[in-house]
Amino acid sequence: MTLAFIGGSHRTVPLDLRERLAFSAEQAAEALKRFRLRFPGREGVLLSTCNRVEFYAAGENTAGPPPREQLLAFLAECRGIDVRLLEPVLSGECDEAAVRHLFSVASGLDSMVLGEPQIVSQVKQAWAIAQESQTTGPLTGEMFQAALRTAKRVTSETAIGRERLSIPSVAVADFARGVFERFDDKRVLVIGAGKMAAETLRYLREAGAHDIVLVNRTSVRAEQLAARLGARNGRFENLQAELTSADLVVSTTGATEIVVSLELFQRAEARRDGRPLVVLDLAVPRDFDPRIGSRPGVWLYSIDDLTSACAANRKSRQRELPAAIAIIEEETGRFMGDLHHRSTTPVIEQLRAGWTETGDAELDRLFRRLPTLDATAQTEIRQAFDRYAAKLLHSPLATLRSESHSGPPHGLLDALKRLFDLKD
Amino acid sequence: MIEFVSGISVVCFVASYLVALACEASRLVFRSGVRGAAMIAFAAAGLFAHTLFLLWRAATEQAVPLSSAFDWYLLAAWVLAGGYLWLAIANPRTPVGLFMLPVVLGLIGAAEFSSRQPFPQSPATQVWGAIHGSFNLAASVAVAIGAIAGLMWLIQAGRLARKQAPLQGFRMPSLEKLAQISSRTLSVAAWTASAGFASGIMLNAANRQRGLLETVPWTDPVVLRMGAMVAWLVVAAAVSRAVYRRPEASRITAWLTLVSFAVLTASILWGIFGTTRHGVPPAVPAAAAIDSEAAL
């Protein structure tokens with residue numbers, strides 16, 4: 001065993017325990033320093049996000065990473081949690097399974113929202129903290145580099161992270177942006193103070209919107225919200241006038257009846273000079289009369305319309321899953337092949353050194369017997385010897401590399417050690 | 001080098017544009033990391049060959065780009081191909097080639113059916129000829145771009161009305177942008193087509209004065225089709241302007257641009273397959289012909 005991980009995610013660890021187990025950046029650095037002192041010579045990286053806490057450990061063949069029980073006790077101790085609480089919810093894997101798991105995590109395949117891209121930066125951050133804490137090494141280095149490379153391939157070669165999944169992001173990016181080229185010259189009207197208004201406004205602000213008016217039945221609440229959202233506070237009684245000047249409406253009231261009737265809208269429409277209007281009716285029940293959606297120049301989207309678009313996007317992501325898994329399998333296989341080949345390096349180096357030593361001794365003897373040879377001739381002969389040794393070594397080394405793809409070539413290595421009297 | 005340039009034929013750049021179009025179409029089927037680069041490489045190669053072909057004709061056959069129907073169509077296609085390449089680089093996620101490249105290929109096809117014989121010109125009429133050809137070229141390109149924007153507007157509006165998320169690889173520009181392009185190009189097309197028609201009248205008068213070309217009568221198919229097109233474009237631009245403050249304005253303009261393109265296509269086909277005295281040298285008088293034979 002060379003690589004191991006232990007951890008849990010939103011799939012296995014309940015939220016309250018996940019909150020207690022989570023590490024801040026400072027706590028992660030502190031824990032890694034403690035790891036370095038407790039397990040000298042071992043490598044460790046701690047990945048802690050709101051959805052998962054995972055510890056990746058590595059050690060060369062002779063030492064190996066700390067066993068599962070020790071890692072479990074270490075995590076429990078760091079967070080002051082009874083180890084018996086963690087035992088049933090944290091799982092662990094080693095070697096190929098651990099690598100495959102990290103690659104899946106970094107690619108967003110193990111995330112709560114399939115294909116979400118934030119995990120890549122969280123993996124990078126975890127790696128940076130481990131580097132600062134001096135708990136990284138060649139094994140975790142290669143493993144995390146390969147994980148980031150895999151995530152990049154999954155992003156560029158599949159559409160798994162391409163389609164949006166949240167209602168506000170779909171409303172703005174797929175629909176409002178389909179109508180308007182820019183938002184910095186548009187007026188946004190927010191009716192009500194529902195939960196989704198703030199998130200939708202965040203996307204609109206990112207798109208450039210800054211002229212935002214908020215109207216609510218309760219003016220005190222509207223004032224507070226307007227101040228929080230950086231919007232101008234309008235009066236609910238002036239709704240018709242606000243509708244006349246708005247380009248985009250986000251409606252999220254808790255009203256049980258229609259807030260904008262067809263008649264009210266038609267009065268506002270007459271003064272709109274034909275400007276298009278996008279209405280994102282995120283309220284349940286709806287705030288806008290559905291007949292308004294069939295008025296020319298009006299693009300009305302209810303929560304059901306947006307939910308359907310989100311569901312279609314989710315299906316589209318699911319369709320990309322096999323392609324993403326294939327990339328992860330390919331990269332895992334490549335990484336493990338390289339890792340197994342690393343284990344052959346000491347034997348190869350010994351073999352090469354032994355042949356070079358013997359060759360040099362024979363050449364020295366030859367040059368003493370033939371003192372008339374000039375420097376050019378000696379160099380030519382030395383190069384010929386080197387080429388001869390390289391050619392003889394080529395075939396066994398190629399066989400070793402090829403065998404490494406299917407696992408550590410222990411049989412071949414033992415045979416080489418016995419045949420050429422190599423020591424560990 | 002000269003051997004290389006002289007070997008370039010229409011097939012070379014048509015093949016490149018076809019491959020670029022196939023790459024664009026494949027967006028709808030699968031994702032690829034290298035497709036964008038391949039698409040731009042083939043479009044750029046096609047445009048390069050297209051440019052060399054036009055330059056070679058200008059250098060060896062005294063065929064200034066607008067001096068024959070064949071060269072006129074190829075130049076119009078070249079302008080659109082250049083526009084496509086620029087848009088493909090600036091907006092790599094927009095499948096603009098699916099709409100522009102068929103028009104480019106259609107214009108090259110029209111060139112193949114047109115006369116390669118340069119119109120006879122004198123230094124005096126050359127200026128009017130260039131003005132006439134340039135305005136007509138600008139009008140045709142504006143009509144084509146407007147129609148492409150109009151078609152994209154209708155597709156995008158259909159998608160938004162059906163409340164569907166954008167298809168993979170088929171993300172259109174916003175309705176606001178497309179409406180702006182189609183409205184502006186309709187105005188540009190009306191103005192430039194009118195100027196092209198007026199300069200054609202001036203050219204006709206200059207030719208008649210110098211006896212270079214046959215006088216083109218008002219009943220000639222070319223005059224009729226160009227007149228009809230100018231009339232349509234002026235009406236279309238006026239209608240588009242008149243409905244500017246109505247909610248249906250963008251949809252009406254989109255349809256007007258499509259009808260304008262249909263009128264342009266009909267006009268081109270009429271020009272290719274109809275009979276005309278446009279650009280035809282005057283018939284040699286019988287007496288002059290006998291004198292020439294006697295001189296020989």
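A residue is called buried if 20 or more other C-beta atoms lie within 10 Å of its own, exposed if 12 or fewer do, and partly exposed in between. With 18 other C-beta atoms within 10 Å, Lys163(B) therefore counts as partly exposed. The structure discussed here is a predicted model, in which chain A holds 15 helices and ten strands, whereas chain B holds ten helices and zero strands.

**The two chains**

- In chain A, which has 424 residues, the buried residues make up 39%, and in chain B, which has 296 residues, 40% count as buried.
- Among the contacts in chain A with a separation of 6 or more, 72% are accounted for by residues 24 or more positions apart.
- In chain B, 81% of the contacts between residues at least 6 apart in sequence join residues at least 24 apart.
- Read along its sequence, chain B follows the pattern α-α-α-α-α-α-α-α-α-α.

**Where chain B touches chain A**

- On the side of chain B, 18 residues are in contact with 24 residues of chain A.
- Two helices of chain B, α6 (123–161) and α7 (175–210), each supply at least two residues of the side that touches chain A, and α7(B) gives the most, with three residues.
- Sorted by class, the residues on this side of chain B divide into six nonpolar, five polar and seven charged.

**The sheet of chain A**

- Six strands of chain A form an open sheet with parallel pairing, in the order β7-β6-β5-β8-β9-β10.
- The edges of this sheet are β7 (232–233) and β10 (298–302) of chain A, each of which has a single partner strand, so one side of each is left without a neighbour in the sheet.
- Strand β5 of chain A (residues 187–191) is largely enclosed by the rest of the structure, because four of its five residues are buried.
- β5(A) is joined by five bridges to strand β6 (residues 211–215) of chain A, and the two strands run parallel; within this pairing, Leu189(A) has Val213(A) in β6(A) as its bridge partner.
- β5(A) also pairs in the parallel sense with strand β8 (residues 248–251) of chain A, over four bridges, and here the bridge partner of Val190(A) is Val250(A) in β8(A).
- Strand β9 (residues 277–281) of chain A pairs with β10(A) in the parallel sense over five bridges, and Asp281(A) stands opposite Ser302(A) in β10(A).
- Helix α10 (residues 219–229) of chain A lies across β6 and β7 of chain A, and runs at about 160 degrees to β6(A).

**Nonpolar cores**

- The largest nonpolar core has 118 residues, and those with the most contacts inside it are Val190(A), Tyr73(B), Ala77(B), Leu80(B) and Val104(B).
- The largest share of this core, 14 residues, comes from α6(B).
- Leaving aside its neighbours within four places in sequence, Val190(A) is in contact with Ala197(A), Leu201(A), Ile212(A), Leu214(A), Ala231(A) and Val250(A).
- A second, separate core has 52 residues, including Val13(A), Leu102(A), Ile328(A) and Met336(A).

**Helices of chain A**

- Two packed helices are described by the angle between their axes and the distance between the axes.
- Helix α8 (residues 167–179) and helix α13 (residues 303–369) of chain A pack at an angle of about 95 degrees, with their axes 9 Å apart, and α8(A) and α13(A) are therefore roughly perpendicular to each other.
- From α8(A) the contact involves Ile167(A), Val170(A), Ala171(A) and Asp174(A), and from α13(A) it involves Ile303(A), Leu306(A), Thr307(A), Ala309(A), Cys310(A) and Asn313(A).
- By class, this contact of α8(A) with α13(A) has seven nonpolar, two polar and one charged residues.
- Helix α15 (residues 410–420) of chain A is hardly covered, since the count of buried residues among its eleven residues is zero.

**Residues with a positive phi**

- Most residues other than glycine have a negative phi.
- Asp421(A), which follows α15(A), has a positive phi, near 55 degrees.
- Asp273(A) is not a glycine, yet its phi is positive, at about 60 degrees; this residue has its place in the loop between α12 (262–269) and β9 of chain A.
- With 12 other C-beta atoms within 10 Å, Asp273(A) is exposed.
- Lys163(B), which is not a glycine either, has a positive phi of about 60 degrees, and its place is in the loop between α6 and α7 of chain B.

Definitions and conventions
Residues numbered from 1 in each chain as written. Chains lettered and ligands numbered in written order. Predicted model: local features only at pLDDT ≥ 70, side-chain atom pairs only at ≥ 80, totals over all residues. Contact = placed C-beta atoms within 7 Å. Nonpolar A, V, L, I, M, F, W, Y, C, P; charged D, E, K, R; others polar. Pairing = 2+ DSSP bridges. Axes fitted to C-alpha atoms, helices over the stretch in contact; angles between N-to-C directions. Parallel < 35°, antiparallel > 145°, perpendicular 65-115°, else oblique. Core = buried A, V, L, I, M, F, W, Y, C linked by C-beta atoms within 7 Å.
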